[in-house]
Amino acid sequence: MRMVLTFHHLLLDGWSLPLLLDDVLTAYAGGEPPARPTIRGHLEWLARQDRAAARRHWRTLLGGFDAPVPLPYDRTPEDVRAARCTARVSRTLSVQATGAVRAFTRRNRLTVNAVLQGAWALLLSVHSGRTDVVFGATTSGRPADLPGADTAIGLFINTLPVRIRIDPAAPAAAWLRGIQDAQAEARRYDFLPLTEVQAESGLPKDTQLFDSIVVFENYPMDADSARRHGVTLVEATANEATNYPLTLVGYDGPRIALHLRYDPALFDPGTADRLTDQLTDLLAALAADPERRLADVPVQPPAERRRLVRTWGTGPTELRRSTLVGLFDACVAARPDAAALAGGGERLSYAQLDARADRIAGELRARGVRRGEPVGVCLERGPDFVAALLAVVRTGAVHLPLDPGYPADRLRFMLADAGAALVLTRRAAAGGLPRGPHRILLDELADRPAAPDGDQPARPAPARPEIGLDDAAYLIYTSGSTGVPKGVLVTHRGVGELAAAQVERFGSGPEERVLQLASASFDASVMELLMAFGTGGTLVVPPPGVLVGDDLADVLRGERVTLTLIPPSVLGTLPPGDYPDLRTLVVGAEACPAELVNRWAPGRRMVNAYGPTETTIAATLSDPLEPGSTPPIGRPVRGTRVLVLDGLLRAVPAGVVGELYVGGAGVARGYWGRPGLTAERFVADPSGSGERLYRTGDLVRWGSDGQLEFVGRADAQVKIRGFRIEPGEVESALTALPGVRQAVVRAREDRAGAPRLVATSRRVPRRSGCWRGSSPRCWGSSASACTTTSSISGATPSSASSWSPGPGGPVCR
């Protein structure tokens, strides 16, 4: 016989089910069910409780908690309160695993429920990046001091918040005892309704405290009672739906069972499967060692971690071990008569460029330039810039690029901070330089006879030094968060590895014609040199000045450029058309919208490059991009390691957002003259390898194909109506929409206490109806049906975007 009982939770709770079943079986056998206590006694008990004390408890417990913990949605809900868990994933622990959990709880005076809640808190922490989490938990609502409460049938349960802080240094068992003790204290006040508890929190009234709940079912089904009535109870199962996106139900018994109920409109079955597997792994890890620190609790199986760290996170390890000087010298030796530079009617062979660089290097050596000394190069892009850069590194000195278009104050600061005593420049640019450093004017040097006058004895040039991998190659200044530029010192060690990676990923060879597009102050200018000189190709040097739109198109076609690196904001200005020679297009320096991939990937190889200034230009390169999706930032280049870590410095599972750390040959030496800042951003590998890692501050996640996806900045979070929002993620969602080339999202507070999101976009064809419902990655709680449409311009030579939405314009509400 199968009995099906359907009821609304308003009538019964789980504790009532065995009591009701006993009554049904008693009546089935012809008996009279016993009288049950009525709800009146419970209501009278509630009236006697100290509600003011309960409110103080919950107010204290929830103090400082200001945003619900985000869940790993596949599709973000428009209204989380409309969620409905109708799908389920189940796992039953083995007898051995159940025994291990029970033995752990007995030895450490814990309940299985406390261990389950701790594992759920760790899982939420892993997927949210938060070390302070809140979720809901059901309580029986049957007070021990109310006679007959355990035999009453009705709805007594309450759902209340559980707040758990994850202390990385805490031993597992002691931390779990803290959870258990806090729950025991909370039971004194578990009679207060959730609506009143919510009112004591700092969250807005329309924002839920939590979006997931944990239910631990340990009420017994009385098989003996059933047998007394002539019935054998074989199995009891329950199916119910909650209005939370995720509901974890744990069942106590000979084998602990876990049911993860989820809303299929918000989560894919595969995501639910992974969450459940990760939870069972966390349960086993917690029970394995009571003294293990939380920071050491593995958040994924060893095989999965090896895949992320060693396979996906490690670039090819066969190293080229070549300096910039060595790369260029190899080209001179192999292809002396091939074109090294071309453009504007001028052509320089490798031998000729080598001679020009050698003459400048000789002048530097004659003036006493020492190894490791910064030498300023204040030149527009062109043959002189390339020759000067090669000359500086050939002497063992450090290339310090100075953009002639920079304000005088910035140039003065960079020269003084770097301690540069010498600047290579031309007459036209020298006027903008501050007084102090000695200037070598390259146009005058070119006019000077190669041999000294007969009246002056020739000065023998010092021997050309041997350049090592750990010698500094260049010093590039970037904007600091305090407004003071900081210099990043990069060695030669990663140069050869990047050059080799580009050959592999771009499929390039000696026939390449590479456009020199980047400003001299941008490390992409070095990348362009490597793209050409890494294969013995030709660097195409256009005239100085801004190169965008039709002018850029003319150069690409007229100079028959085959390989180029173009920032997306510049690529967006390039008119569509036929570019028959352009075989490989690399984008980088900023996020690339899907629309540009759709337009430019067909018919050529298109690659997305990512790399902070604190690495040797590019740390990752994508696979060839395909139209139809937001491009990933790719895989690590040769000799590079990338780690995606959570707040406890643990590698996060695939699909989970974490902060990107970069290690390997390409990591910079540090910030010039700033040991404190260097120590803060260049940190030790938490695995104990002894390697230095650069902490990028970029939030990324591993995609299912083993490529990294950029999400946003760790330090750019904003909060709207209690929800933490990454502007970068909203920007990515906007740029994935048809017609949106570029977007900048910021928070603006026109009225105190009422922040709103402002989205500034380029070339949106309409001002309404382009957001809500268009992308699953948009935040439903903050999305708006309108955006501000205005221009976004590349305002600095290094292509950083500036934005200026007009006051009072349409915003994201």
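Two strands are taken as paired if DSSP finds at least two bridges between them, and strands (E, at least two residues) and helices (H or I, at least four) are DSSP runs numbered from the N terminus. The structure is a predicted model, in which local features need pLDDT of at least 70 and side-chain atom pairs count only at pLDDT 80 or more, whereas totals for chains, interfaces and linings use all residues. Residues are numbered from 1 along each chain as its sequence is written, and side-chain values use heavy atoms, with hydrogens and water left out.

Strand β2 (residues 132-139) pairs with β3 in the antiparallel sense over eight bridges, and valine 133 has isoleucine 164 in β3 as its bridge partner.

Elsewhere, strand β9 (residues 374-378) runs parallel to β10 and is joined to it by four bridges, with glycine 376 opposite leucine 400 in β10.

Helix α13 (residues 383-394) and helix α18 (residues 524-533) have axes, fitted as lines to C-alpha atoms over the stretch in contact, that come within 12 Å and cross at roughly 90 degrees, on a scale from 0 to 180 degrees between N-to-C directions. In the contact (heavy atoms within 4.5 Å), Phe385, Val386, Leu389 and Leu390 of α13 meet Ser525, Val526, Leu529 and Phe533 of α18.
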